[in-house]
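Here are my notes for you to go through with the structure open beside them. Take the points one at a time and find each residue as you read.

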Amino acid sequence: MKVTIVTGGSRGIGAATCLRLAAAGHAVAVGYRSDADAAAAVVDEIAASSGTARAIAVETADAAQVSKLFAEAAEVLGPVTGLVNNAGVGSRIGRFVDLDDEDLRRVVEVNVVGAIFCAREAARRMTSGGAIVNVSSAAATLGSPFEYPHYAASKAALDALTLGLSKELGPSGIRVNTVQPGIIYTDFHGTQSGEAGRPDRLGPGSPLGRAGQPDEVAAAIAWLLSDDASYVTGATIRVAGGR
Ligand code: NAP
């Protein structure tokens, strides 16, 4: 059975991914940092459809907690075969010269260091192969000027991680790929960027004329974790409406 850990699985893209994966037969570890109720709601929805899931609290920027997340997932659900490196944070959009030290450190700690901790733990444990999907952003190639270039830089680092790990871990049967979402309707914009209406402001300017839904990103993630993607590694799927 496929056993997949989704960090940031309690809300937004991560929650949609948990539901998709459970429907595809994965046992899912729903990682969350603070919102236990939201994580429990995802687990309940999966259970209501006869799926298997467990909510596990984790601060991904803490290596010890990441190790505990993987250990608990393996103990409760079985050997871990998949990781969706989805937990991520932004900071209030604004001019680069006004960037706050703590905001910068947090973005790098969660989006880069935390994702690397999770990938390292996955690589250590996936002794019979597996698959990792890094949830980056279209920002990695657009740069996010006047909004958050430091966030864009953190996601570009994640893309480099995909490249290196796909080559280093391929011989061990571990596939590593990236999904780059564009602007998606989630709480991220209100809680992180400080502009809840950002998807409505920017969506219409994209070639497809709208922002995306979490499940449209989850579909790409689930495909990369499926056997249909068995020869795909080091790839990037952009889910950004043409941006
Ligand atoms: P979201 O709605 O803000 O949800 C974030 C999730 O990450 C929550 O489950 C949160 O858990 C968890 N999380 C945050 N910091 C964490 C940490 N340090 N340790 C563990 N979990 C943590 O975000 P989203 O929009 O779904 O974004 C998911 C990913 O897609 C992120 O990596 C983001 O950068 C990327 N992305 C989003 C968009 C977009 O437009 N929404 C576009 C491109 C890329 P709690 O709620 O429990 O705190």
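This is a predicted model: local features need pLDDT of at least 70, side-chain atom pairs count only at pLDDT 80 or more; totals for chains, interfaces and linings use all residues.

1. Now look at what tyrosine 151 sits with. A pair of aromatic rings is described by the distance of the centres and the angle of the planes. Tyrosine 151 pairs with tyrosine 148, with 4.8 Å centre to centre and 55° between the planes, which is a tilted arrangement. Tyrosine 148 is buried too, because its relative accessible area is 2%, under the 20% cut-off.

2. Phenylalanine 188 has a relative accessible area of 18%, so it still falls under the 20% limit and counts as buried. Put together, ring pairs join Tyr148, Tyr151 and Phe188 into a cluster, and the count of aromatic pairs comes to 2.

3. Next, helix packing. Two packed helices are described by the angle between their axes and the distance between the axes. For helix H4 (residues 101-125) and helix H6 (residues 149-169), the angle is about 15° and the axes are 9 Å apart. An angle under 35 degrees counts as roughly parallel, so that is how H4 and H6 run relative to each other. The crossing of H4 past H6 is right-handed.

4. Which residues make the contact of H4 with H6? On the H4 side they include Leu104, Val107, Asn111 and Ile116, and on the H6 side they include His150, Tyr151, Lys155 and Leu158. By class, the contact of H4 with H6 has 13 nonpolar, 3 polar and 1 charged residues.

5. Helix H1 (residues 12-23) and helix H2 (residues 36-48) have axes that come within 10 Å and cross at roughly 20°. That makes H1 and H2 roughly parallel, because the angle is under 35 degrees. H1 also passes H2 in a right-handed crossing. Ala15, Cys18, Leu19 and Ala22 of H1 meet Val42, Glu45 and Ile46 of H2, and these divide into 6 nonpolar, no polar and 1 charged.

6. Have a look at two backbone spots. Serine 50 is not a glycine, yet its phi is positive, near 65°. You'll find serine 50 in the loop between H2 and strand E3 (53-57), and at 69% relative accessibility it counts as exposed. Phenylalanine 146 also has a positive phi, about 65°, without being a glycine. That residue lies in the loop between helix H5 (139-142) and H6, and at 72% relative accessibility it is exposed.

7. Last, glycine 173, in the loop between H6 and strand E6 (174-181). Its relative accessible area is 41%, so glycine 173 is partly exposed. Leaving aside residues up to four places away in sequence, glycine 173 touches Gly129 and Gly130.

Definitions and conventions. Residues are numbered from 1 along each chain as its sequence is written. Side-chain values use heavy atoms; hydrogens and water are left out. Axes are lines fitted to C-alpha atoms, for helices over the stretch in contact, and angles run from 0 to 180 degrees between N-to-C directions. Helices (H or I, at least four residues) and strands (E, at least two) are DSSP runs, numbered from the N terminus. Angles under 35 degrees count as roughly parallel, over 145 as roughly antiparallel, 65 to 115 as roughly perpendicular and the rest as oblique. A crossing is left-handed if the near helix is turned anticlockwise from the far one by less than a right angle, and right-handed if clockwise. Contact means heavy atoms within 4.5 Å. Ala, Val, Leu, Ile, Met, Phe, Trp, Tyr, Cys and Pro count as nonpolar, Asp, Glu, Lys and Arg as charged, and the others, Gly among them, as polar. Rings of Phe, Tyr and Trp (its six-membered ring) pair if their centres lie within 6.5 Å; planes under 30 degrees apart count as stacked, over 60 as edge-to-face and the rest as tilted. Buried means under 20% relative accessible area, exposed over 50%, partly exposed in between (1.4 Å probe, protein chains only).
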